[in-house]
Amino acid sequence: MSKDAVDTAQAATRTDVAQAPADAGDAGYSKDLKARHVNMIAIGGAIGTGLFLGAGGRLHNAGPALALAYLVCGIFAFFVVRALGELVLYRPSSGSFVSYAREFLGEKGAYVAGWMYFLNWSTTGIADITAIALYTHYWSMFTSIPQWVLALIALAVVLAVNLISVKIFGEMEFWFAIIKVATLVGFMLIGIFLLATRHEVGGHTPGLSVINDHGGVFPHGLMPVVLVMQGVIFAYAALELVGVAAGETAEPEKVVPRAVNSIMWRVGLLYVGSVVLLALLLPGSVYSADESPFVTVLSKIGIPAAGDVMNLVVLTAAMSSLNSGLYSTGRILRSMATAGSAPRFTARMNRSQVPYGGILLTCAVCVLGVGLNYLMPSQAFEIVLNVASLGIVSTWVIIMICHLVFVRRAKAGLVTRPSFRLPGSPVTEITTIAFLLAVLALMWNDPEVGRKTLLLIPVIAAMLVAGWFAVRRRVVRNGDQELTELTK
C-alpha cells in the first residue's frame, strides 16, 4: 500500500493522524520468540564467519588497524540498528524495513528494499552452504564426498528446521549464538593470559612490541584499511534481523531496546577486543585468509585439536547464517507478496504459521548455488560474497532513509516517535548514508574484486526496473483493495 493511499485513507476515515497503518503481511504469525531468543539473534547476527574466518586475511592485508575498521563500521552498524529499533517500537512488523519503506517511501521503495534484501540473503545463503561444504572437507572422513553434495545436505537440514516452527528456529539460533560467544570469550581469556604472562607465541613475545616491531598500526598504509571496509560491513550483516524477529515476539517494546542497546558493547568487546588481542599476539603477516586467525594463534602455542574445535565453530557460524537468511527472507517476501510485489505463493503459510513459500523461493536460489559448487567449487564463495555486499549496503541505506522520512513526519505531527530514539537525527542518518556510499565508491580501487562488484550495479538496476514493470499493475490492484477495506 503506497504512502499516498495511506494518507487518503486517513483523511477519508478522519482517524487520528498519529495512528500507524497496519501491514497486511503481519497477519497470522505466532508470537513464540522469547526475549532470550531475540537477544541471542542480535548477538548471533553480530558474530559470524566474517570474524571467525575473514579476520585472518584482513589482518594480513591491513594489520592492527583492522581493529579500527571494525570499530568504525561497528558504530555505523549500531546507528542502523538503533534507527530500525525506533521504527520497530513505532510499529512492530515481520515485514520490518520493507513494511516501513512501503509506508514512508511508497511501493517502489518497498519493492527495491525487499528484492535487494532477498539478493543479499539468497547469495549469502549460497556462500554459507559453500562455506559449510568447505569446512566439512576439513575432516578426512568427508573429503571423498563431493562439495556440492555436502552443500545440498546442509541446505536440506536448515530448511527442515525453518519449516517446523519459529520456536525451533529461535532455539537453534539461541544455541548457535551460545557456541559462538563461548568460543570468543574462551579465546579472549587465553589471549589475556598469554599477554599477562608474556608467554611466547610462535617465536614472538606478546605485547605492543609485536605491533611496533612490524610496521606499527598501519604497516601497509591507510588504503588497505579502507579496502577491507567492504568485508567488515559484510561481517556485521544480519544485525537487522532484530527488526524482523520483533514481529514474532509478544513484548517488542521491552525486548527490542534491550537487544539493540546491548549490540554496541558486544561489538566493542567481542569484535574489536578479539582483533586487538590477535594483533598483540602475532604480527599481521603471520595470519592468512586460508585459516581462522584463532586457529593460527592456538596452533602456535600447541593447544591440541585447536583446528578441529575452531572448524566446528566456524561451521556453526555458517549454519547460523543460513538459518537466519531463510527465516528473514521468508517474512520479508510474505510482506511483499501481500502488496503484490513478490510472487503470490510466497505469501503462503503452513499450519505452524511459517511462511514456507518465501523460504522455498530462497532455497531455490540456494540450489543454484549447489550447481555453482558443482561447476566452480574453488570460485563459488568469492563470486556470491561480492554480490551479497551490494544487497546489505542498499538495505542499510534504505533503513536510514526511512528513518529520515519518519522523523520528518513526526516533526509535522503526522506520527509519534517512541521514547527509544536514534540520537543526533538527521545528522546521524546522513553521515551513515554517506559512509556506506563512500565504502561502495572506494571499492573501485580494488580492481580484482571491488571493481567487478560495482560493475554489477547497472545490471541489478536494469533487472529491478524490468521486474517493477512486470508487477506494478498487481501492486496497484492490491493497494486499491486495501484502501477499500480501510475506508469501509
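Trainee: Why are Trp115 and Phe118 separated by about one helical turn?
Mentor: Because they are 3 residues apart in helix H7 (residues 107–136); helices are DSSP runs of H or I, at least four residues, numbered from the N terminus. This is a predicted model, where local features need pLDDT of at least 70, side-chain atom pairs count only at pLDDT 80 or more, and totals for chains, interfaces and linings use all residues. Residues are numbered from 1 along each chain as its sequence is written, and side-chain values use heavy atoms, leaving out hydrogens and water.

Trainee: How are the rings of Trp115 and Phe118 arranged?
Mentor: They form an edge-to-face pair, 5.3 Å centre to centre with 85° between the planes. Rings of Phe, Tyr and Trp (its six-membered ring) pair if their centres lie within 6.5 Å; planes under 30 degrees apart are stacked, over 60 edge-to-face, the rest tilted.

Trainee: Are Trp115 and Phe118 buried or exposed?
Mentor: Both are buried, meaning under 20% relative accessible area, with exposed over 50% and partly exposed in between (1.4 Å probe, protein chains only).

Trainee: How many aromatic pairs are there?
Mentor: The structure holds 15. Phe76 and Phe435 make a stacked one, 4.2 Å centre to centre and 10° between the planes. That pair links distant parts of the chain, 359 residues apart: Phe76 is in helix H5 (residues 66–90) and Phe435 in helix H19 (residues 427–442).

Trainee: Which residues do ring pairs link into a cluster?
Mentor: Phe76, Phe78, Phe79 and Phe435.

Conventions. Helix = DSSP H or I, 4+ residues; strand = E, 2+ residues; numbered from the N terminus.
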